[in-house]
Structures are given as C-alpha cells and as structure tokens.
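User: I have a model open and want a quick tour. Can you take my questions as they come?
Analyst: Go ahead.

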Amino acid sequence: MERGSSEPPVARSTGSTQSSSTGSVPIPRSSSVSYHAHSGSKKHRQIPLCKRSMSFDPGLLHNNGHTAYANGTGSGIRETGVVEKLLTSYGFIQCSERQARLFFHCSQYNGALQDLKIGDDVEFEVSSDRRTGKPIAVKLLKIKPEVLPEERISGQVVSSIPLHLDGKSAPGQMPTGSVCYERNGEVFYLTYTPDDVEGNVHLDTGDKVSFYMDTNKLTGAVSARNIQLVKKKQMRCQGVVCATKEAFGFIERADVVKEIFFHYSEFKGDLDALQVGDDVEFTIKDRNGKEVATDVRLLPQGTVVFEDIDYKLHEGTVVKVIPKIPTKNQNDPLPGRINVRIGFTEKELPFGEKDTRSKVTLLEGDHVQFNISTDRRDKLERATRIDILPDTFNFTKEAREMGVIAAIRDGFGFIKCVDRDARMFFHFSEVLEETQLHISDEVEFTVVPDMLSAQRNHAVRIKKLPKGTVSFHTQSEHRFVGVVEKEVVAVTSKNASPTKGKEKEAEEGVIAYEDCGVKLTLPYHAKDLEGGSHPQAGDKVEFSINEVKRTGQQSAVSIRVLNRNSSNAKRLHGFVATLKDNFGFIETANHDQEIFFHYSEVCGDVENLELGDTVEYTLSKGKGNKVSAEKVTKVAAVNGVGEDISASVMMGKVIRPLRSVDPSQTEYQGLIEVPEEGGTKGQTYPFGIMGMGNKADCLQKGELVKFQVCTVPQTGQKMACNVVPQRRAVVECVKDQFGFLTYEVGESKKLFFHVKEVQDGLELQAGDEVEFSVVLNQRTGKCSACNVRRVSEGPKPVVTPRPDRLVNRLKSITLDDASAPRLVILRQPRGPDNSKGFNVERKTRQPGVID
C-alpha cells in the first residue's frame, strides 16, 4: 500500500554506522526501496505475459538501442527504481533518486521476463531514444529485495491521531500519529495512519502497542502497520467528592455517570480540609474485582465540569413534583418532570432537588421558567435553575388563603389566618421572590398537610400582599340604633389590681336593637367607641355591625352616643392633676379640689392619660364614706382655668405648693402672694394644675413666679394662671452624664439634672448660672431639673502655678532614671468624632519647664 512521503526512523542515541554499496544486493534504504508481500497489505493485480503487447522498435536505439554497451562495459551511470507499469513488450520505471518516469523495452531486461512484476526494484542505465531523443532505461537488472523482519515489534504511542480532525487533514493526506520502539539502545520513531490500527480502537499517548514495519516503495519511508493495542495507559480521572463517611468516601466521576469508592488513606493532602463538593483527580485501579480511586488529589475549584447549560430561558409546566419523603423503591435522582415545547416538539425534562433556585414547594401545574442543562457524560438533558412564574396561580387549582404575620422566630414564623382559628406555621424557605417578612405583614399562602404528621398543616408558597389587602372581618354600611343594656368594663394596663383586673378582663358591653321587628343583642368593646364618650346603661347609641369572617361572630363597632339616659348618675368634668403608679387625682371643674380615682376605673388605655387632660367621671362613695371617681373617660379638651384673663403679668412668691408636691397639707390648691412695697403681705391668688404653664413643673414653697389672673366662671373666684417659675441657680458640678445645681428642694440642698435636659446642647461648667424647671418623679417622689438653659457663664478657672518644690523635683529627674515615675498609656483617648490618638504633634519636653 502506497502512502505519502514521511521521514525514515531516526535514532535518538548514537551508534555504529553501517556501510553500504550501490552495485551489490541488497541495496541500502537510503538509495532503494524494498518491497515484500505480507498479510493484510494491498497487492497489485498481475497481468500474464501472454496478454502483454509489444509496440517498441529496438532498431531505433543507438548501438542496437543502447548508449552503453550491451555487455555492461560502457561508462553509463547506474540508477535504481521501481517497476510502475508493465505491458506485453514494454513498461515504465519510477526512479528512486529523482522525480522521473522512464520508458523501457522488455528486451533490455537481463533475466526471465515472466519473473518481472510491478513493484519490483530494478537497477538500470539511462539512455536516449534515437528517434524521439527522450531518456529511456536500458540494461535492467532485478534487485533482490531487502527482507524486513516479520516479527511484531513492541512499542509505545508518542503522538495519537487527533480526534477533532475526524479523519480529515490536508487534501491528498491522511491524519497521522507516531509510535516509537527501542532497538539496541536506540529509540526509533515511526508514523501511522488510522488504517494501520487494528480493531477500530483509538490510541492515546502512552498506550503500549505492537506492530509490523512497512517500507514505502517510492519514498523509502518506513512506517508502522497492523498496530495492535497491548495495554492502555493508566489515565488520571477527574470528579467531585459526593459523599464522605468515617474512613472512606465516594467520588462522582466526570467521564461516566458513575460513583467510585476511595479510602482516606489514598487522599494526598490535608484530610481535614476535604469537603463534599471538592474537585479532585485520581487514578483508577482494580482491587478484588472492583474499581477504586487511588492517589486522590485536590484540584482548583471549578476545574471539573459535568454539564453545559444553555442560557436561553424556557417556560414549561410541572407535570410531576419531587416527593417530600422519597419512597424505598425510588432510585431516580431526577424524579421531577417538566413539560416544555421547543419549536414544534414537546419534551418532558427531568429535574432534581438541586435544580430549583429556591426551596419553595412546587405543585403540579406550576408555570415555571428554567434553563436546559446537558450532561457531558451521557448527553442527558434536564431542567435547572427553575423559578416559579408570578402567573402560576392562574394555572394551578390550589386554594389560596390570607393572613397576617403574627410571630417570627429564627428561620420560621406563624401566620394569623383569616379563615382558621389556629396560627399557621411556615418556614422562611417558602417565601416567594425572596421577600423579607416582618410582623403584621399581610400575606397569601397555600395550606398543605405536614408530611411527618398528617394532623398538622403548614403554610407554603407565601406571597407578600400590599397593605390593606387582608381583612379579618366585614362591616355593614348600614347604621343601626340601639340602647345600651350593659356597660363595658375596660382592661387596665397600669399596675391595676391583680384580682379586679382579671375579673373584668373578659367583660364586654351589650347593646339591644331591633331589626325587621326582631329584638336582637350585640356585644361591644371599649375600643369600638367613638368620640371618647363612654355610654352608660340606658343610653341611646348608633353603631355598625362587624362580622368576623373566620367565626361569623358579630359585634357592634363605631359606637356613638346619641342621647344620655336622664336617670343615670350625673357625669362631671375634671382635669387630671396627679398620676401615680396605679391611681391618680382629678382636679374638679372649679379647680378647688381633687378627686381620687383608680386606674381600674379608667375607660380606655391609661397610657394615654397625661397631666392636664380633660376627663369625664361619676362620683361614688366607697369604704369609710370616701368619695372617688368612677368610669373615668378621657374627652375632648375644654377651656382651662377660666375666662377673662388679665393682660398684665404679675410677680409673686409661692407660699403654698400644690398638694401633689406637699402631700402633708390639707388644701389642694397652691397659693401665690404678691408682695407689696415695704415688704408687707400683699394679695394672694390660689392656683391649680390647670393654672400651671408647664403641668409637669413642681413649684416649691418660696419660689418666685410670674403669672396672670383669671376668673373662674362657675364661682367667680380670682385665680392665678399661666404660672411660670423664675428660678435661677448655679451649677455646682458636672459629672459624666449628669450634674447638680445649688438649689434647695425639700430637705435636699442640691438639685439633680441630666445633661440631656440642657438646651442647645451646651456643655455646662461649674459656676454657670442657669434657668430651669423642676419636675417630680411620681414613682420615686424625688425632684429633678429639666429644660435647663444657661443664662451666664461662670468665672474661668485660673491655672495655679506648680509649687517650687515640685518644679525642683522635676528638674532633678532624668529620663534615664529607673526610679523616676513613669506614665504608661493604657488606652488612647477618643475625640468627639470617634478618632483615636492625638492630633497635635508631640514635642520633646524639658524636665522642669512648663509650656
């Protein structure tokens, strides 16, 4: 079989050079080409001599057709070649030393003509045809062929035929590889083509092979033929660690869809750093008839790639979901199925647990968006990066419910349902669109049974809704009119009596009304009252009907009092004067007395009560004939102390504080005296909590105040109003976050203040003069200053010089003195801008010198 030109085998090590001659047989490979028959090689078809034709006239040659003598004594140059074509009386020779094709006549062959065949090596001289002048071959001699050894040679593939060529190469050529073999200490290299490999196998670099040698007749190039694979090279494989046990693990191979076992002793590296998901390479060995991975080594993360992902987005429908609890017979790692239409073809793609972007539960019929992944090992296509589309609820037949987030814990929470009594458990992984949920957020969800407990349900596929979407009840647009049969008792929140509060906690009011001639009753609660007015039994009220969706229970809401029952106890107005831990006092409408009330009698939230608030109440007598306020209700504010307020501002002195400041006194009202000229006693004016400019201010006996005078309409009494204290004091000292003023309050001669109470954010220094208000802590009974405003700065502190004895001592200390006192920085200072260290450059200090 003829092949393209190639280089002969080249020896890699030096050795002895064999001598050759050009006139004897056999002829060296450098000047001839040998041909021999062998099994498996292509043979030329031979033409019998009887069928050959003669068309040559030997009389046309010089000297009987020869330029040299017939006996070979001439001076012609001998050449070699190969019989390329042979007819009855002539043929053609392909020269070996040059690119020439020469004609010869059969009469010029020295031997039996029947022994001459196409492909035989011959030696000849070159002459010229006398008639045409063209060169021809004369005096032909057949050369004995060089016999190559027919035993198989063992070698190794050094360059495999590239797979990507797919049998294609340059025009007129075939892709080639190369093998090498060793002979007498020398290494020789031979080429081969795909046709030279037996068994239709692909040879890789490093494979052990055996072959015969073949010589090209035209070029003399030696190549390998009839190549047989002896042993495949031990290849390094790649994979990803998919499981780790106590002393062994498993690797998912990257070349085939298969897992392979490995023992930790075969891992070459830090075993503590090995984790599931690490990329590794390894060698496969056979032990006890099973393949195991040996010489396992880590690869850079991302080296091993199992699949190719098409980044084109597809839409499809889930036709089979992944079961939450796999069955015993389930061996399919991709149990889910998605139906998708690609072009004009419908496909059903599998998917697994890791192919969804989120952990939200998928249901059959879901409209999803995904990419298609193709496994490099077996070309299996599957759906991955699956997302639920927002319109999926239009395709599924699931029942959606609504609710409000009631509680959130670490990784899970609970939903207050509109249509269910019990709270519904949910996990954060079931929240759609990766939205962060907060308490009171309104949501929509699907309820499914818990796979571990059939009696329990939980919420899945949670979607956040806009505010105002979820409603737990419906309210009638029609307004009804009824009569209060039973008054409501509100729940107290400020340290109410333990037993009394618990008894009244469940109590609610009752309203009777008629609807289509039928007398009905409805419960109501204090929170459903409008206008701050507390209805009494027998009062006529207007209301709407509210129905709870979950239970169908009805109640009256948006209740407004229309007419009071004249038979009810008289309702009085007053003003909150004092608030203690669980009780307080109300200043009467005449501002001359205070009435006790307990927080349990407050209708509404006690936390909303403040000093000076207008309230409505009913008087009652308790043990010991003591009067107290009941059914205290906060109402809209009315006029303060009185009317006809004088425009002039007067100066006076507090000669009696309010009873809330001095509980030992019997009178409720405080008293202000306006001194006259000469120091004699002047006119006095009473005042109450409503006369204070700042209701929380704690006026002390002896304090100077500015005020105006007004008239109480009910009694005509002149009272002080808009009372503002004229306090000034000197800052005694300032600590870290608080300080003290030189001001006498009660038995204490110092008044506490916090730096937060200093206005304009100023930093007070000792000696500064300030104005302030005094407030009383109802819980502790102690006073403190608030609204502190600096009036004037105190004198700057004068730096006193150091004593001479200290200066002399510092002059005598040197830095090298080990006994000298030293300063060690334990913590760097921090500036107002949170910067550390010193901003001023440090300078060398001279001992005893003051800067």
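Analyst: One term before we start. A nonpolar core is a set of buried Ala, Val, Leu, Ile, Met, Phe, Trp, Tyr and Cys residues joined through side-chain atoms within 4.5 Å. Also, this is a predicted model.

User: Fine. Which residues in the largest nonpolar core touch the most other members?
Analyst: That core has 18 residues. Those touching the most other members are Ile-672, Phe-687, Leu-699, Val-705, Phe-707, Ala-720 and Val-723.

User: Which elements give two or more residues to this core?
Analyst: Strands E32 (572-579), E40 (684-687), E41 and E42 (718-725).

User: And which gives the most?
Analyst: E41, with three residues.

User: What does Ala-720 touch?
Analyst: Leaving out residues up to four places away in sequence, Ala-720 touches Ile-672, Tyr-685, Pro-686, Phe-687, Gly-691, Phe-707 and Gln-708.

User: Which residues are in the second core?
Analyst: The second core is separate and has 16 residues, including Phe-188, Leu-203, Val-222 and Ile-227. As a rule, nonpolar side chains in soluble globular proteins tend to be buried together.

User: Back to E41. Where does Thr-711 lie?
Analyst: In E41, which covers residues 704-711.

User: Is Thr-711 buried or exposed?
Analyst: Buried. Its relative accessible area is 15%, and the cut-off for buried is under 20%, so Thr-711 qualifies.

User: What polar contact does its side chain make?
Analyst: The Thr-711 side chain contacts the side chain of Lys-718 at 3.0 Å.

User: New topic: the barrel. How many strands, and in what order?
Analyst: Five strands form a closed barrel, running E1-E2-E3-E5-E4 with mixed pairing. From one strand to the next, the twist averages 50°.

User: In which sense do E3 and E5 pair, parallel or antiparallel?
Analyst: Parallel, over two bridges. E3 spans residues 101-105 and E5 spans 135-142.

User: What stands opposite Phe-103?
Analyst: Ile-136, in E5.

User: Last stop, Ser-558. Which strand is the place of Ser-558?
Analyst: Strand E31, residues 554-563.

User: Why does Ser-558 count as buried?
Analyst: Because its relative accessibility is 19%, and buried means under 20%.

User: What does Ser-558 touch?
Analyst: Gln-475, Arg-479, Asp-528, Glu-530, Glu-542, Phe-543 and Ser-544, not counting residues up to four places away in sequence.

User: How many residues apart in sequence are Ser-558 and Gln-475?
Analyst: They are 83 residues apart in sequence. In space, C-alpha to C-alpha, Ser-558 and Gln-475 are 9.9 Å apart.

Key: Residues numbered from 1 in each chain as written. Predicted model: local features only at pLDDT ≥ 70, side-chain atom pairs only at ≥ 80, totals over all residues. Heavy atoms only, no water. Helix = DSSP H or I, 4+ residues; strand = E, 2+ residues; numbered from the N terminus. Buried < 20%, exposed > 50% of the residue type's maximum accessible area, 1.4 Å probe, protein only. Polar contact = N/O pair within 3.5 Å; in protein donor to acceptor, adjacent residues only side chain to side chain. Pairing = 2+ DSSP bridges. Axes fitted to C-alpha atoms, helices over the stretch in contact; angles between N-to-C directions. Contact = heavy atoms within 4.5 Å.
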